[in-house]
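Dear colleague,

Please find below the structure that I am handing over to you. My findings follow it.

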Amino acid sequence: MIASNELNLTDFSLPLWHELPDIDVYMDQLVTIVEKYLHPLSVNGIPFKPLTPSMVNNYVKLKLIPKPIKKKYSRKHIARIIVITILKQVFDIPSIQRSIDLQIENTNSEDAYNLFCKYLHESLHAFSTQGQTIVFNNPKTDIAPIRWACITIVSKLFTESALTATLKQINDKEINTQHD
């Protein structure tokens, strides 16, 4: 059950590849853009781990993202950083690296990013409406690990949200009992 003060994530979706900025941006713009896109995923005041310029620099050093060109980041960088920021909520960096490598081996950056967006949207919709069934096809053709990762991320968001709401109810009840 979704508490009334939570965001309704049924209609949330990440911007698809063609909706990402098609101009190169500097580091501070990159961080702002990613935070803007991911802000709706903060439920009940539980924000995503913030993206920092240091993190972006580390992603370059770890070869999670390509080096910027003349200190500017492209659409490809933005897409990868969105995916990394979301996956980082649940997975460690080596797992994320393997996931990205697997996706890119099977398709190009644009299709891989759009598929991630699709699976995240489907997972959010399924959890928000509590009515849609998520169907897994053949992992060799469906790249199921990415779908499972999205379900894991959404499960974490909704679990944290439910825990926060429950703790608030308990706290409110204790405060009311003390005042009686």
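In which hand of crossing does α1 pass α3? The crossing is right-handed. Please bear in mind throughout that the model is predicted.

**Overall composition**

The protein contains 7 helices and 0 strands, so that its elements, read from the N terminus, run α-α-α-α-α-α-α. There are 180 residues, of which 39% count as buried. The accessible surface amounts to about 10,500 Å², and carbon and sulfur atoms account for 56% of that area. Among contacts in the protein with a separation of 6 or more, 74% are made by residues 24 or more positions apart.

**Helix α1 and its two partners**

Helix α1 covers residues 27-38 and helix α3 covers residues 75-87. Their axes come within 10 Å and cross at roughly 55 degrees. On the α1 side, the contact is formed by Leu 30, Ile 33, Val 34, Tyr 37 and Leu 38. On the α3 side, Ile 78, Ile 81, Ile 82, Thr 85 and Ile 86 take part. Sorted by class, these residues comprise 9 nonpolar, 1 polar and no charged.

Helix α1 also packs against helix α2, which spans residues 53-61. Here the axes lie 10 Å apart and the angle is about 105 degrees. Because 65 to 115 degrees is the range for roughly perpendicular, α1 is placed in that class relative to α2. Met 27, Leu 30 and Val 31 of α1 make this contact with Pro 53, Val 56 and Asn 57 of α2. The class count for the contact of α1 with α2 is 5 nonpolar, 1 polar and no charged residues. Leu 30 is named in the contact with α2 and also in the contact with α3.

**Helix α3 against helix α4**

Helix α4 comprises residues 93-106. The axes of α3 and α4 come within 11 Å, and the crossing angle is roughly 135 degrees. Since only angles over 145 degrees count as roughly antiparallel, α3 is oblique to α4. The crossing of α3 with α4 is right-handed. From α3, Arg 80, Ile 84 and Leu 87 meet Ile 96, Ile 100 and Ile 104 of α4. This contact consists of 5 nonpolar residues, no polar residues and 1 charged residue.

**The loop between α2 and α3**

Several residues in this loop may interest you. Leu 64 is found there, and its relative accessible area is 0%, so it is buried. Apart from neighbours within four places in sequence, Leu 64 is in contact with Tyr 59, Arg 80, Ile 84, Ile 93, Ile 96, Gln 97 and Ile 100. Of these, Arg 80, Ile 84, Ile 96 and Ile 100 are also named in the contact between α3 and α4. Leu 64 and Ile 100 are 36 residues apart along the chain, and their C-alpha atoms are separated by 8.0 Å.

Lys 63 lies in the loop between α2 and α3 as well. Its phi is near 65 degrees, a positive value in a residue other than glycine. The relative accessible area of Lys 63 is 67%, and this residue is therefore exposed. Lys 70, also found in the loop between α2 and α3, has a positive phi of about 55 degrees although it is not a glycine. With a relative accessibility of 75%, Lys 70 counts as exposed.

**A residue of helix α5**

Glu 110 belongs to helix α5, which runs over residues 109-129. Its relative accessibility is 35%, so Glu 110 counts as partly exposed.

Yours sincerely

Note on methods: Residues are numbered from 1 along each chain as its sequence is written. This is a predicted model: local features need pLDDT of at least 70, side-chain atom pairs count only at pLDDT 80 or more; totals for chains, interfaces and linings use all residues. Side-chain values use heavy atoms; hydrogens and water are left out. Axes are lines fitted to C-alpha atoms, for helices over the stretch in contact, and angles run from 0 to 180 degrees between N-to-C directions. Helices (H or I, at least four residues) and strands (E, at least two) are DSSP runs, numbered from the N terminus. Angles under 35 degrees count as roughly parallel, over 145 as roughly antiparallel, 65 to 115 as roughly perpendicular and the rest as oblique. Contact means heavy atoms within 4.5 Å. Ala, Val, Leu, Ile, Met, Phe, Trp, Tyr, Cys and Pro count as nonpolar, Asp, Glu, Lys and Arg as charged, and the others, Gly among them, as polar. Buried means under 20% relative accessible area, exposed over 50%, partly exposed in between (1.4 Å probe, protein chains only). Accessible areas come from the Shrake-Rupley method with a 1.4 Å probe; for residues, only the protein chains shown count as cover. A crossing is left-handed if the near helix is turned anticlockwise from the far one by less than a right angle, and right-handed if clockwise.
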